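I opened this notebook to keep track of what I looked up, one topic at a time. The entries below follow the order in which I went through them.

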Amino acid sequence: MRRKSDLPSKHCPVCGRPFLWRRKWARDWQNVIYCSERCRRAGKRPQAEGGQGTSRPPGSSHPS
């Protein structure tokens, strides 16, 4: 049995997070670009809004 640390990984170009190989991607791993459906949709949209809003750290609240 393989350990998770032995699986190949990639970085999502939209959110920048690393994601691991999944069995459902086994035949198509070379063509997998995005970590999720949400990032896939966001990656195809023009980013006129200034990106994904990654200027604040996760979990921080809106300034008052």
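**Entry: a charged pair.** I began with the side chains of Arg 41 and Glu 37, which meet in a salt bridge with an N to O distance of 3.9 Å. I kept in mind that the model is predicted, and I noted that the cut-off for such a pair is 4 Å between the nitrogen and a carboxyl oxygen. Looking up where the two residues sit, I found that both Arg 41 and Glu 37 lie in helix 1, four residues apart, which is about one turn of the helix. For accessibility I read 54% for Arg 41, which counts as exposed because the cut-off for that class is over 50%.

**Entry: how many salt bridges are there?** I searched the whole structure, and the search found two salt bridges. Besides the pair already noted, the side chains of Arg 40 and Glu 37 meet in a salt bridge, at 2.2 Å from N to O. Arg 40 and Glu 37 are three residues apart in helix 1, which covers residues 37-44, so they are separated by about one helical turn.

Entry: Returning to Arg 41, I have it down as exposed, at 54%. Salt bridges that share partners join Glu 37, Arg 40 and Arg 41 into one network.

**Entry: a pocket.** I next looked up the second largest pocket, which holds about 190 Å³ of space. Its lining includes Glu 37 and Arg 40, both noted above, and among the other lining residues are Trp 25, Asp 28, Asn 31, Tyr 34 and Cys 35. I also recorded how the lining divides by residue type, which comes to five nonpolar, two polar and three charged residues.

**Entry: Pro 8.** Which residues does Pro 8 contact, leaving aside its neighbours within four places in sequence? I found Phe 19, Leu 20, Trp 21 and Trp 29. Pro 8 itself is placed in the segment before strand 1, which spans 9-11, and with a relative accessible area of 32% Pro 8 is partly exposed. I also looked up Arg 22, which is 14 residues from Pro 8 in sequence and 9.2 Å from it in space, C-alpha to C-alpha.

Notes: Residues numbered from 1 in each chain as written. Predicted model: local features only at pLDDT ≥ 70, side-chain atom pairs only at ≥ 80, totals over all residues. Heavy atoms only, no water. Buried < 20%, exposed > 50% of the residue type's maximum accessible area, 1.4 Å probe, protein only. Contact = heavy atoms within 4.5 Å. 1 Å grid on protein atoms, 1.4 Å probe; cavity = no way out; pocket = protein on both sides within 12 Å on 5 of 7 lines; lining within 4 Å. Points joined across faces, edges and corners; volume = space filled by probe spheres on them. Nonpolar A, V, L, I, M, F, W, Y, C, P; charged D, E, K, R; others polar.
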